[in-house]
Amino acid sequence: MGSGFAADRDTPRGLLQTADRALLVLLGFDRHRTDWGVTEVAEEFGWDKSVAQRVLATLAHRGFLAADPDTRRYRIGPAALHLGRTWERSGSLRMLVTPILADLSALTGDTALLSVPDGFHIRCVAAVDGEEGPLRYYPLVGELYPAHAGATAQAYFAFVPEDRRRRLFRDRPMARFTERTLTDPDALERRFHRVRELGYAFTIGEYDAHVATLAVPVHLHGEPYGSLSLGGHEDRFEAPADRLPRLRRAAEQVERLLTGARRH
């Protein structure tokens, strides 16, 4: 199954098999597999066609799938969008990743943040303060970081497909937050290419004066999802590369957590 979710094909004892089968079908969708037919589902999971048909029809009845009347193939339905939006606003993501951020912060002494895209910005969804205390006088969670300013945003936007990134930046004014903020589109694009080559971003004082930030991308199923970053006073980051192994391991933990992938 191409989704990357490490779901068992066999329902564990004590769980409801019918519900588990429906969830397996939903987890089978990804960017490579955008629709399913009854025969394909039956072959994929080793079910009778009648079982596959009932599972698909039930999901379509509740809006989790939508059936094409001409091709008789099923795609993700509007109920999935409802759940996705509810998930984003529920605080569940913050609850799940905070232990990972807490361990990362304890190991490095830095403030640890997970951020996800929000239009032309990247939004902090979870944060744990470092040993020096808060970086701001107000909570970091909910903070919007502009796409062009600082490592937290650059570690994500560098991995967005170039044509989409150029459309995003086209004819858009870029505010200067400090004397180090990059506002020249060509210079910024060179920075993005460099971040892609290195696999991480490191900046000092581009968004907050005297604050250094080291960030790596978080990918889900091969697509850029957000960034994981460490921040603190610039004096703490004389050797930022020393933090990279721990930061990358934490990013991998987040990726496994959010995709259900198991570590072998």
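This text leads through a predicted model, from its sheet to a helix lying across it, then to a surface patch and salt bridges.

The model is predicted, and local features need pLDDT of at least 70, side-chain atom pairs count only at pLDDT 80 or more, and totals for chains, interfaces and linings use all residues. Residues are numbered from 1 along each chain as its sequence is written, and side-chain values use heavy atoms, with hydrogens and water left out.

Six strands form an open antiparallel sheet in the order 5-4-3-8-7-6, where strands (E, at least two residues) and helices (H or I, at least four) are DSSP runs numbered from the N terminus, and two strands pair if DSSP finds at least two bridges between them. Its edges are strand 5 (144–146) and strand 6 (201–204), each of which pairs on one side only. Neighbouring strands of the sheet are turned by 30° against each other on average, direction ignored.

Helix 5 lies across strand 3 (111–118), strand 4 (121–128) and strand 8 (223–233), and runs at about 70° to strand 4; contact here means heavy atoms within 4.5 Å, while axes are lines fitted to C-alpha atoms, for helices over the stretch in contact, with angles from 0 to 180 degrees between N-to-C directions.

Helix 5 spans residues 92–108 and holds Met95, which is exposed at a relative accessible area of 58% (buried means under 20%, exposed over 50%, partly exposed in between, with a 1.4 Å probe and protein chains only). Together with Trp87, Leu96 and Leu257, Met95 makes a nonpolar surface patch of about 360 Å²; such patches are made of residues with over 30% relative accessible area and no salt bridge, nonpolar side chains (Val, Leu, Ile, Met, Phe, Trp, Tyr) being joined within 5 Å and like charges within 9 Å.

Counting a side-chain nitrogen of Lys or Arg within 4 Å of a carboxyl oxygen of Asp or Glu as a salt bridge, the model has 14. Asp118, partly exposed at 34%, forms one with Arg123, the closest N and O atoms being 3.1 Å apart. Glu132 and Arg236 meet in another, at 4.0 Å from N to O; Glu132 lies in the loop between strand 4 and strand 5 and Arg236 in the loop between strand 8 and helix 9 (244–259), so the pair ties together parts that are 104 residues apart in sequence.

Terms used: Areas by Shrake-Rupley, 256 points an atom, 1.4 Å probe, with all protein chains shown as cover.
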